[in-house]
Amino acid sequence: MSEELEHVVIYTDGACDPNPGGPGGYGVVLRFGDKRKELSGGFRSTTNNRMELYAAIAGLEALKAKCRVTLYSDSQYLVNAMTQGWVKRWSQNGWWISKKEKAANMDLWKRLLSLCEIHQVAFVWVRGHAGNPDNERCDQLSLMALKRNDLPADKGYEQSADDKCRKISITEEGQPCRDCSTPVVKRVPRKRPKRDQAYYFEYYLHCPKCHTMYLVEEAKRYFEQPSTDLR
């Protein structure tokens, strides 16, 4: 006989204000028979999507034994990624969404996938602010949580932000963009250099996603200036 698992219903929600980069909170309501439990938490700097993921993780981590779970969320980002197999494909592809784009929130997706290997989880989208009592309660919990004093750091988010701020030298085609991690491509300027310039760049590196431009010292070319020696 197949293992008969207890059925748990989990409602989750997340919030961040301002988004991204502001304080964030998450709220969770768990139901098991006549029992009901609420969870909430927050971080000093994060994103709305991360809080939606944290809420689902917090709900599943609260379970003491393997369960059959119906998890309701008003986040299409979360529900679609899980029900349509996006996250598993990202994982199989080394967390690349495409040849040019890396998946965001990889640290949290990994935790969520691990929990889904323990529990049988069905993700269901529910419309937010539509009168569902448990969804509304999760919204209240998340908003209250983000207003707490002395919120901890969301290390995954802040580390990512720190990495983006580091002045990594971008010198070759294919290196990840500092802003969005998309591999940069080599481009040749459309405008021809003017002769009155001291130098120009023969090429530059360009991010096809966020359009950040990187000037490469090796591409700098100097004009020969006319002699001004009157002797």
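Modeller: A crossing of two helices is right-handed if the near helix is turned clockwise from the far one by less than a right angle, and left-handed if anticlockwise. Keep that in mind. This is a predicted model.

Biologist: Is the crossing of H2 and H4 right-handed or left-handed?

Modeller: H2 and H4 make a right-handed crossing. By the rule above, the near helix is therefore turned clockwise from the far one.

Biologist: Which residues of H2 and H4 meet?

Modeller: H2 brings Tyr77, Leu78, Ala81 and Met82. H4 answers with Trp109, Leu112, Leu113 and Cys116.

Biologist: How do you know the class of the residues in this contact?

Modeller: Ala, Leu, Met, Trp, Tyr and Cys are among the residues that count as nonpolar. By class, the contact has eight nonpolar residues, no polar ones and no charged ones.

Biologist: Which residues touch the most other members of the largest nonpolar core?

Modeller: Leu78, Trp109 and Leu112 do, in a core of 32 residues. H2 (76–83) and H4 (106–118) are among the elements that each supply at least two residues of this core. H1 gives the most, with eight residues.

Biologist: What is Leu78 in contact with, leaving aside its neighbours within four places in sequence?

Modeller: Its partners include Glu52, Leu53, Trp109, Leu112 and Phe123. A second, separate core has 11 residues, among them Cys180 and Cys207.

Technical notes:
Residues numbered from 1 in each chain as written. Predicted model: local features only at pLDDT ≥ 70, side-chain atom pairs only at ≥ 80, totals over all residues. Heavy atoms only, no water. Core = buried A, V, L, I, M, F, W, Y, C linked by side-chain atoms within 4.5 Å. Buried < 20%, exposed > 50% of the residue type's maximum accessible area, 1.4 Å probe, protein only. Helix = DSSP H or I, 4+ residues; strand = E, 2+ residues; numbered from the N terminus. Contact = heavy atoms within 4.5 Å.
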